[in-house]
Amino acid sequence: GGGIVRALPLLGREPFFVLNSDSFWRDGREPALRRLTDAWDGARMDCLILLCRVENTVGYEGRGDFHLGKDGRLTRRRGEDTGALAYIGGYLVHPRLFSGAPPGKFSMNVLWDQAIGDGRLYGLEHDGLWLHVGTPEAIAVAEARL
C-alpha cells in the first residue's frame with residue numbers, strides 16, 4: 001500500500017489497476033482486466049478485487065481470503081469457514097481509497113478492511129486459471145501446469 005501512496009501523484013484522479021508481480025492468470029471467456037473495467041461502478045465501489053476459486057489455482061496453498069456476496073460486496077473469510085475465494089493479485093481501485101492511509105509501508109488489507117466496513121469493497125470471480133509464482137520452486141510448478 002505504501003508504494004501505491006507514493007505513486008499516487010503520478011497516477012491521476014481516475015481508477016487504476018494494480019497487479020502483483022508474483023502471480024499471473026490465464027483468462028477465461030473474456031480478458032479479466034476488461035471484465036473488471038466493465039464491472040466497475042465508481043458510485044458504489046472504492047476497490048474491485050479479482051478473485052478465484054481455490055480449486056482453479058496453482059501454487060496457492062491457502063483456503064481463500066474473501067466471501068463474495070450476491071451483490072458483489074466482499075467479506076473476510078473467518079476461522080474454518082469454507083467456500084472463500086482467493087485474492088489473485090489484481091484489482092481496480094479509485095485513488096480516494098488511499099485518503100487517510102497510514103504513512104510508510106503497509107498492507108492493502110488495512111484499506112480493504114476499511115472499505116469492507118464502509119460497504120465499498122467489491123469482488124469479481126475470475127473464470128480462468130490463476131498461477132502463483134512467488135518462489136523459484138513455484139515457477140516450475142506453474143510451467144508444468146501450462
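When I say contact, I mean heavy atoms within 4.5 Å. This is a predicted model, in which local features need pLDDT of at least 70, side-chain atom pairs count only at pLDDT 80 or more, and totals for chains, interfaces and linings use all residues. Residues are numbered from 1 along each chain as its sequence is written, and side-chain values use heavy atoms, with hydrogens and water left out.

Let me begin with Cys-47, which lies in strand β3. Helices (H or I, at least four residues) and strands (E, at least two) are DSSP runs, numbered from the N terminus. Setting aside neighbours within four places in sequence, Cys-47 is in contact with Trp-40, Tyr-91, Leu-92, Val-93, Leu-97, Trp-112, Arg-120, Leu-121 and Tyr-122. Is Cys-47 buried or exposed? Cys-47 is buried, at a relative accessible area of 0%. Buried means under 20% relative accessible area, exposed means over 50%, and partly exposed is in between, using a 1.4 Å probe and protein chains only. For a sense of distance, the C-alpha atoms of Cys-47 and Gly-79 are separated by 24 Å, and these residues are 32 apart along the chain.

One of those contacts, Leu-121, is also the bridge partner of Cys-47 in β8. Strands β3 and β8 pair in the parallel sense over five bridges; two strands pair if DSSP finds at least two bridges between them. Strand β8 is largely enclosed by the rest of the structure, because four of its five residues are buried.

Next, Asp-46, in the loop between α2 (32-39) and β3 (47-53). Asp-46 is buried too, with a relative accessible area of 8%. Beyond four places in sequence, its contacts are Trp-40, Leu-92, Val-93, His-94, Arg-96, Leu-97 and Arg-120.

Now the nonpolar cores. A nonpolar core is a set of buried Ala, Val, Leu, Ile, Met, Phe, Trp, Tyr and Cys residues joined through side-chain atoms within 4.5 Å. The largest has 22 residues, and Ile-49, Tyr-91, Leu-97, Phe-98 and Trp-112 have the most contacts inside it. Which elements give two or more residues to this core? They are α1 (2-11), β1 (16-19), β3, β7 (85-93) and α3 (108-118).

Last, the charged pairs. A salt bridge is a side-chain nitrogen of Lys or Arg within 4 Å of a carboxyl oxygen of Asp or Glu. How many salt bridges does this rule give? The count is eight.

One of them joins Glu-125 and Arg-53, with the closest N and O atoms 2.7 Å apart. Glu-125 lies in strand β8 (residues 121-125) and Arg-53 in β3, so the pair ties together parts that are 72 residues apart in sequence. Both ends are partly exposed, Glu-125 at 24% and Arg-53 at 40%.

Arg-44 and Asp-41 also meet through their side chains, at 2.8 Å from N to O. Arg-44 is partly exposed at 34%, as is Asp-41 at 27%. For Arg-73 and Asp-71 the N to O distance is 3.0 Å. Finally, Arg-29, Arg-35 and Asp-127 are linked in a network of salt bridges.
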